[in-house]
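The following paragraphs lead the reader through one protein structure. Please examine the sequence and the model before reading on.

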Amino acid sequence: MNSISTKDEIKTLNDLCFQIPKSELHVHLEGTLDPEMIFKIAERNNAIENLPSNFKSLESIKKSYNYKNLEEFLEIYYLASKVLLKEEDFSEIVMNYFKKVLNHGVKYAEMFFDPQSHTRRGIKLETIIKGLLIGLKISEERYGIKGNLILCFLRDLSEEDAIKTFQNFLELKELKIVEDSLLEKIIGVGLDSSEIGNPPDKFKNVFKLAKEKGFKLCCHCHDEGSLENIRKSVEELNVDRIDHGIDIYLDENLLNKCVDKRIPYTFCPLSTKKVQRTPDLKVYNLDGLLEKDLLVTVNSDDPAFF
Ligand code: HPA
Ligand code: ZN
């Protein structure tokens, strides 16, 4: 475990920021795939020739990590995640993330993963889940950081597909593919990917099922029209948390409801700056939200991409 230094050792604000103990509640494991790791994993799997043309060198990958909006980002994000094929690849993304954030003072992390983005490429759900959980077990022991996982549904796919994925996951739990205490580390379900035209209520049934099975619920709301999506997530899905939710400053009544219900918001400044309508983060009035007692946390989202 890394420990806080004495006051004398904290020389600059930057040092202090690194050393403050942190919880990271909103990070996509696939969003931690940096160009170096993409190459390393592709090489190990003898799959360099399968990389897309804009991923043929570290420089060209870095150049393609550049987007004007969520859709452009998602296209690159899914391309990058195609490099993940085997159990050990999934273990490695967790271990690599923990290794990095150890020096950022992270003590606890809740990490999203997108199973459907891999199963639709023919990867077995068992490979994904086993790989991630074994990686998590090794990382917790090695780095002294605690972690849990959130299974995210892709909102641009059907609810039927989400239900099938969730049921497959429940079956794997029954089969005890790893020890129970590890399986319990998948604590919630979320909703991410392309938001426009895919509102939260499209997933009412699968969220209800997940709640009944004891999982926490959260939902990304951050593209155009997201205020309505925050309302639907809170009022129709009964979520425990809103991810991003940057437009909440626009509706005082809804904001007060979230304060009363203690529904937290996982704010992600860097991705918001890069892919939202305005790069000016002051618009979202983070200070004002905190003054109103809204629970707002700061997170990295997809650190390798932003
Ligand atoms: N929004 C939606 N889907 C995502 C994101 C995001 O910020 N990151 C990874 N998948
Ligand atoms: Zn996110």
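In helix H11, the buried residues are Ser226, Leu227, Asn229, Ile230, Lys232, Ser233 and Val234. The model under discussion is a predicted one. Because seven of the 10 residues of H11, which spans residues 226-235, are buried, this helix is largely enclosed by the rest of the structure. Which elements cover these buried residues? The cover includes strands E5 and E6, helix H12 (252-260) and strand E7 (265-267).

Strand E5 comprises residues 216-221 and strand E6 residues 241-244. The two pair in the parallel sense over four bridges, and Cys219 stands opposite Ile242 in E6. In general, the strands of a sheet pair through backbone hydrogen bonds, in either a parallel or an antiparallel arrangement.

The sheet as a whole is open and consists of eight strands in the order E1-E2-E3-E4-E5-E6-E7-E8, with parallel pairing. At its edges are strand E1 (22-28) and strand E8 (296-298), each of which pairs on one side only. From one strand to the next, the twist averages 25 degrees.

Another helix, H7 (residues 125-143), lies across strands E2 (106-113), E3 (146-154) and E4 (186-192). Relative to E3, helix H7 runs at about 160 degrees.

Leaving aside residues up to four places away in sequence, Met111 touches Val27, Leu29, Val94, Tyr97, Phe98, Leu136, Gly147, Asn148, Leu149 and Ile150.

Terms used
Residues numbered from 1 in each chain as written. Chains lettered and ligands numbered in written order. Predicted model: local features only at pLDDT ≥ 70, side-chain atom pairs only at ≥ 80, totals over all residues. Heavy atoms only, no water. Contact = heavy atoms within 4.5 Å. Pairing = 2+ DSSP bridges. Axes fitted to C-alpha atoms, helices over the stretch in contact; angles between N-to-C directions. Buried < 20%, exposed > 50% of the residue type's maximum accessible area, 1.4 Å probe, protein only.
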